[in-house]
Amino acid sequence: MKDLLSLGYLGLYGDADEWRRFAVDIYGMQPVYDGEVLRLRADERAWRLAVEPGTSPGVAYVGIEVESSQHLGDVMARIKKAGLDVTEDKHLALARNVVRLARTTAPDGTPIELFTGAMVMSDPFLSPTGAKFVTGKAGLGHVLLLVPDLAAALEYYTKVLGFRISDAVRVAEGSDAYFLHGGLRHHVIALASIPGANGLDHIFTEVDSITTVGRAWERVEAGAAPVVRTLGQHANDPVTSFYARSPSGFAFEYGVNATVIDDEDTWIFKRYDSIYLWGGHIGPAGHL
Ligand SMILES: [Fe+2]
């Protein structure tokens, strides 16, 4: 198998109290406070989401997990060869509870932290809603980034970071979204270009049961958070999910039955004509 890349963690700027209500009460993540930073657990790891105090809500850092120190060195070398800055940071590694970490910025402006050696806790993960998140080697989930230059972003995320294209989906006439995997999870990074929009569109987390998704959907339908997309099933990665607007502005997708690419040698690149098989209607807080 090729070197594995996955979404390890996400740091964001936002209001900790609002995020606690959002991520804990709706989705069943477990809150842990580290000073004024709210950290949210989803599995045996020390944390998966961190809510940092900031002046404007949005993404603070995207943690991409590489599978070894050797792999980290390889990716760093490719970033330098592309003429971009990348810095290994021991203090930041300590703060993030990982063994090695390098920070860099993607050409689209996304702050990226490449890391390996995440801390696993002896205290078990306890979900207040009974949610079981699907993580493991496939990582936390995925992010969809809205980028100003799709071709340049595809070049960077594939040739420099090492992701591979899974498929493309027509989102509008003459406009496709691209879905990139780093092994196992169908997409860790998705890229789309929408005039006037830039940055993190949404984060996806996966749970193991439609019951868990359905109960969370009922909380959102009852008004716990603004609806971005109603419950529906995607076409390319036929996950059943819904989207709600997070306190930091971007959407939070919560779903079940995400695709695993277990044999990259037999995977065929395809282009889909639609985002959804059913459902997924744009809600009051939707924008795509
Ligand atoms: Fe998604």
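# Exercises on a predicted model

In helix H5 (residues 210-224), the buried residues are Thr212, Val213, Ala216, Trp217 and Val220. The model is predicted. Keep that in mind in each exercise.

## Exercise 1: The faces of H5

Task: Work out how the buried residues of H5 are arranged around its axis, and what they pack against.

Solution. 

Step 1. Look down the axis of H5. Its buried residues fall within an arc of 135 degrees, so they line one face of the helix.

Step 2. Turn to the other side of H5. Arg215, Glu218, Glu221 and Ala222 are exposed there.

Step 3. Find the packing partners. The buried residues of H5 pack against helix H1 (16-26), E14, strand E15 (227-234), strand E16 (240-245) and strand E17 (251-256).

Step 4. Go to the start of the helix. A side-chain oxygen of Ser209 comes to within 3.0 Å of the backbone nitrogen of Thr211.

## Exercise 2: The iron site

Task: Which protein atoms are the donors of the iron ion, and where in the chain do His142 and His202 sit?

Solution. 

Step 1. List the donors. They are His142 (NE2), His202 (NE2) and Glu253 (OE). Their distances from the iron ion are 2.1 to 2.2 Å.

Step 2. Write the spacing of the donor residues in sequence. It reads H-x59-H-x50-E.

Step 3. His142 is in strand E9 (residues 141-146), and His202 is in strand E14 (residues 199-207). They are 60 residues apart, and the pair links distant parts of the chain.

Step 4. Check burial. The cut-off for buried is under 20% relative accessible area. His142 has 3%, so it is buried. His202 has 4%, so it is buried too.

## Exercise 3: Salt bridges across the chain

Task: How many salt bridges are there, and which parts of the chain do three of them join?

Solution. 

Step 1. Start with the count. There are 10 salt bridges.

Step 2. Take Glu65 and Arg45. Their side chains meet in a salt bridge at 3.0 Å, N to O. Glu65 is in strand E5 (residues 58-66), while Arg45 is in the loop between strand E3 (37-41) and strand E4 (49-52). The two are 20 residues apart. Glu65 is buried, at 14% relative accessibility. Arg45 is buried as well, at 12%.

Step 3. Take Arg103 and Asp89. This salt bridge has an N to O distance of 3.1 Å. Arg103 lies in strand E7 (residues 98-105) and Asp89 in the loop between strand E6 (86-88) and helix H3 (90-95), so the pair ties together parts 14 residues apart in sequence. Arg103 is partly exposed, at 40% relative accessibility. Asp89 is buried, at 16%.

Step 4. Take Glu264 and Arg164. The closest N and O atoms of this salt bridge are 2.8 Å apart. Glu264 is in the loop between strand E18 (260-261) and strand E19 (270-272), and Arg164 is in strand E10 (residues 164-172). Arg164 is buried, with a relative accessible area of 16%.

Step 5. Look for a network. Salt bridges link Glu52, Arg96 and Glu113.

## Exercise 4: Strand E8 and its neighbours

Task: Does E8 run parallel or antiparallel to E5, and parallel or antiparallel to E7?

Solution. 

Step 1. Pair E8 with E5. Four bridges join E5 to strand E8 (residues 111-118), and the two run parallel. Ile64 has Leu114 in E8 as its bridge partner.

Step 2. Pair E8 with E7. Seven bridges join them, and they run antiparallel. Arg103 stands opposite Glu113 in E8.

Step 3. Look at the turn. E7 and E8 form a hairpin with five residues between them. Gly109 in the turn has a positive phi of about 100 degrees.

## Exercise 5: Helix H4

Task: Describe helix H4 from its start to the residue that follows.

Solution. 

Step 1. Begin at the start of H4. A side-chain oxygen of Asp149 reaches to within 3.3 Å of the backbone nitrogen of Ala151.

Step 2. Move along H4 (residues 150-160). Its buried residues include Leu150, Ala153, Leu154 and Tyr156. Tyr157, Thr158 and Val160 are buried too.

Step 3. Finish after the helix. Gly162 follows H4 and has a positive phi, near 105 degrees.

Terms used. Residues are numbered from 1 along each chain as its sequence is written. This is a predicted model: local features need pLDDT of at least 70, side-chain atom pairs count only at pLDDT 80 or more; totals for chains, interfaces and linings use all residues. Side-chain values use heavy atoms; hydrogens and water are left out. Donors are N, O and S atoms within 2.8 Å of the metal (3.2 Å for Na, K and Ca); water is not among the atoms, so sites may look incomplete. Buried means under 20% relative accessible area, exposed over 50%, partly exposed in between (1.4 Å probe, protein chains only). A polar contact is a pair of N or O atoms within 3.5 Å; within protein, one must be able to donate a hydrogen and the other to accept it, and residues adjacent in sequence count only if both atoms are side-chain atoms. A salt bridge is a side-chain nitrogen of Lys or Arg within 4 Å of a carboxyl oxygen of Asp or Glu. Two strands pair if DSSP finds at least two bridges between them. The arc is that of the directions from the helix axis to the C-beta atoms. Contact means heavy atoms within 4.5 Å.
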